[in-house]
Amino acid sequence: MRILIIGPSWVGDMVMAQTLFHVLKQRHPACVIDVLAPEWSRLILERMPQVRQALSFPLGHGALELATRRRIGKSLAGQYDQAILLPNSLKSALVPFFAGIAQRTGWRGELRYGLLNDVRTLDKARYPLMIERFMALGYPAGAELPKPYPRPSLQIETASRDAALAKVRPEPGPPGAGAVPRRRVRRGQALALGALRQGRGNQDSRRLAGVAVRLQKRPCGG
């Protein structure tokens, strides 16, 4: 079974989407999962062992670009048995439709009848959590979600982590400088990696990287 996921446009949602990937692999161990998402998400998706490949989506959040979506859809024709859409926008349903994917699953969202043929109606009281809404799309409509829920877990290679940290790590301090607690270092590493995933030149990314640097420079007890 070959599954195309239309990924979300936000970092936190992309990380939470791994719960759906876990579900799909549990239900269909031999399935292939590809994710069509913004290029910035590639570094996250490459650290999810359930994902075969990340497909770069060139359009910005909110852009219609109907001809481009049609071209991308046609390029994916015949490659997938199911598409699962995590965004609720009408625009996100266009590529799977143009690709002619047999089963196109998603929440009703922006009145996507016709574009989707496996349309789900969201019961927010039943699925209050975002991970529940993502996971539910991996099961038949109305199915109970088994617990405990899978947890997102990124696999980070040491070389890749060190290369990312080298871009934001401060200059070494003088001999005898106070050691930084391991917990603080790990927190700084996580923030630094998050900043790099957001993309260069982004104001929020630079602010996040700055916080990571300050955390690692702060002495014990500070």
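**Stop 1: strand E4 and its partners**

Select E4 and strand E5 (residues 103-107) in this predicted model. Three bridges join the two strands, which run parallel. Now pick glutamine 82. Opposite glutamine 82 stands glutamine 103 in E5.

Which residue of E4 is the bridge partner of isoleucine 3? Glutamine 82 is that partner.

Next, show helix H5 (residues 94-99) together with E4 and E5. The three elements make a β-α-β unit, and the unit is right-handed.

**Stop 2: the largest nonpolar core**

Select Ile5, Phe21 and Leu45. The largest nonpolar core has 27 residues, and these three touch the most other members. Which elements give two or more residues to this core? They are E1, helix H2 (18-27), strand E2 (32-38), helix H3 (42-45) and H6. H2 gives the most, with four residues.

Another core lies apart from the largest one. This other core has 19 residues, among them Leu36, Leu55, Ala93 and Leu94.

**Stop 3: helix H2**

Color H2 by burial. Seven of its ten residues are buried, so the helix is largely enclosed by the rest of the structure. Which ones are they? The buried residues are Gln18, Thr19, Leu20, Phe21, His22, Val23 and Leu24.

Then bring back the surroundings. The cover over the buried residues of H2 includes E1, helix H1 (11-16) and E2. H3, E4 and H6 are also part of that cover.

**Stop 4: arginine 133**

Move to helix H6 (residues 130-136) and select arginine 133. Arginine 133 is buried, yet it has no salt bridge. How far away is the nearest side chain of opposite charge? That side chain belongs to glutamate 132 and is 6.5 Å away.

Show the contacts, leaving aside neighbours within four places in sequence. Arginine 133 is in contact with Trp107, Leu122, Lys124, Tyr127 and Pro128.

**Stop 5: threonine 68**

Go to helix H4 (residues 66-75) and select threonine 68. Buried or exposed? Threonine 68 counts as buried because its relative accessibility is 15%, under the 20% cut-off. Not counting residues up to four places away in sequence, threonine 68 touches Pro58 and Leu59.

Draw a distance from threonine 68 to valine 95. The two are 9.2 Å apart in space, C-alpha to C-alpha, and 27 residues apart in sequence.

**Stop 6: backbone exceptions**

Most peptide bonds are trans, and most residues other than glycine have a negative phi.

Start with glutamate 65, in the loop between strand E3 (53-57) and H4. Glutamate 65 is not a glycine, but its phi is positive, about 45 degrees. This residue is partly exposed, with a relative accessible area of 46%.

Select leucine 111 in the loop between E5 and strand E6 (118-120). Here too phi is positive, at about 50 degrees, although leucine 111 is not a glycine. Leucine 111 counts as exposed because its relative accessibility is 62%.

Then find proline 148, in the loop between H6 and helix H7 (158-166). Is the peptide bond from lysine 147 to proline 148 cis or trans? The bond is cis, with omega near 0 degrees.

**Last stop: the whole protein**

Zoom out. Nine helices and six strands make up the count of elements in the protein. Of the 222 residues, 42% are buried. Among contacts between residues at least 6 apart in sequence, 55% join residues at least 24 apart.

Technical notes: Residues are numbered from 1 along each chain as its sequence is written. This is a predicted model: local features need pLDDT of at least 70, side-chain atom pairs count only at pLDDT 80 or more; totals for chains, interfaces and linings use all residues. Side-chain values use heavy atoms; hydrogens and water are left out. Buried means under 20% relative accessible area, exposed over 50%, partly exposed in between (1.4 Å probe, protein chains only). Contact means heavy atoms within 4.5 Å. Lys and Arg count as positive and Asp and Glu as negative; His and the chain ends are not counted. A salt bridge is a side-chain nitrogen of Lys or Arg within 4 Å of a carboxyl oxygen of Asp or Glu. Two strands pair if DSSP finds at least two bridges between them. A crossover is right-handed if, with the strands pointing away from the viewer, the path from the first strand over the helix to the second runs clockwise. A nonpolar core is a set of buried Ala, Val, Leu, Ile, Met, Phe, Trp, Tyr and Cys residues joined through side-chain atoms within 4.5 Å.
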